[in-house]
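Here are my notes on the model, as numbered points. Please read them with the coordinates open.

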Amino acid sequence: GLPEEWVDYGLWRWRKRFPKGQLKVAEKLGISVADVRRKTATKYVSDFSLWAEGEGWCASCWVSARIELVRAAKALPSLGEVFLSNDSAWVEVRGVGRVLLEQSGRLVAFTKNGEDALSILEKAARAVLGSMLCVGCGLCEEWCPVEAIKVRGFSPEVDEGKCVRCGLCFEKCPVSTHALRGFPKSL
């Protein structure tokens, strides 16, 4: 929903705090920064919680982007082995725990300790939002040290056989970084 110039010049990256150079570009183009910020303010993740359950920990949040499970399942191998059903996707994160993505947008991480739960919840949210909001820039491909990710159209696909699970693809993704502003570092 942004003006074409915001996309062409990459101004969408600084909707909250503009560096001086980008403000000058916006002014030169006659773009009202305040109007676009107000129209496009979106909170992509919300309702964070962390709790002990049995002998482990759970962390959860809600993702407000429209969830397409098959599309998300193509990005989630960046975390681990993916299991897809009609209404959810499970990811087994080797040695750490597992993550559940529900069709409704609920994302839950199950681990042995709270720090790991929050960490893999963030990584899963990055992969899900990176896949759902992809603009096809290809930065994920550029950062992948083993060429395990390809962007097809506006959908990143991770080759589970090649992926070393370093997480650089979605860590460096400008869309997932922008969408996860405000993600808590601790709960």
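**Notes on the predicted model**

1. Glutamate 157 has a relative accessibility of 23% and so counts as partly exposed; the classes are buried under 20% relative accessible area, exposed over 50% and partly exposed in between, with a 1.4 Å probe and protein chains only. Glutamate 157 forms a salt bridge with arginine 152, with the closest N and O atoms 3.2 Å apart. A salt bridge here is a side-chain nitrogen of Lys or Arg within 4 Å of a carboxyl oxygen of Asp or Glu.

2. On conventions: this is a predicted model, in which local features need pLDDT of at least 70 and side-chain atom pairs count only at pLDDT 80 or more, while totals for chains, interfaces and linings use all residues. Residues are numbered from 1 along each chain as its sequence is written, and side-chain values use heavy atoms, with hydrogens and water left out.

3. The salt-bridge count comes to seven. One of them joins glutamate 160 and arginine 165 at 3.9 Å, N to O; glutamate 160 is partly exposed at 33% relative accessibility, and arginine 165 is partly exposed at 31%. Another pairs glutamate 102 with arginine 106, the closest N and O atoms being 3.7 Å apart. Here glutamate 102 is partly exposed at 22% and arginine 106 is partly exposed at 26%. Arg66, Glu68 and Arg71 are linked in a network of salt bridges.

4. Six strands make an open sheet in the order β1-β2-β6-β5-β4-β3, with antiparallel pairing. Strands β1 (45–53) and β3 (81–84) are at the edges with a single partner strand each, so one side of each has no neighbour in the sheet. On average, neighbouring strands are turned by 15 degrees against each other, direction ignored. Helices (H or I, at least four residues) and strands (E, at least two) are DSSP runs numbered from the N terminus, and two strands pair if DSSP finds at least two bridges between them.

5. Strands β4 (residues 88–93) and β5 (residues 97–102) run antiparallel and are joined by six bridges. Tryptophan 90 has leucine 100 in β5 as its bridge partner. Helix α5 (residues 114–132) packs on the sheet and touches β1, β2 (56–63), β4, β5 and β6 (106–111), where contact means heavy atoms within 4.5 Å. The direction of α5 makes about 145 degrees with that of β6; axes are lines fitted to C-alpha atoms, for helices over the stretch in contact, and angles run from 0 to 180 degrees between N-to-C directions.

6. Which residues have the most contacts inside the largest nonpolar core? They are Leu76 and Leu107, in a core of 46 residues. Helix α5 gives the most to this core, with ten residues. Such a core is a set of buried Ala, Val, Leu, Ile, Met, Phe, Trp, Tyr and Cys residues joined through side-chain atoms within 4.5 Å. Beyond its neighbours within four places in sequence, leucine 107 is in contact with residues including Val99, Leu100, Leu121 and Ala124.

7. Serine 78 lies in the loop between α4 (69–75) and β3. Is serine 78 buried or exposed? At 6% relative accessibility, serine 78 counts as buried. Its side chain reaches the backbone oxygen of alanine 75 at 3.0 Å. Leaving aside neighbours within four places in sequence, the contacts of serine 78 are Ala127, Val158, Cys163, Arg165, Cys169 and Phe170.

8. Arginine 181 is in the segment after α8 (174–179) and is partly exposed at 36%. The C-alpha atoms of arginine 181 and tyrosine 44 are separated by 8.8 Å, with the two residues 137 apart along the chain.

Notes
A polar contact is a pair of N or O atoms within 3.5 Å; within protein, one must be able to donate a hydrogen and the other to accept it, and residues adjacent in sequence count only if both atoms are side-chain atoms.
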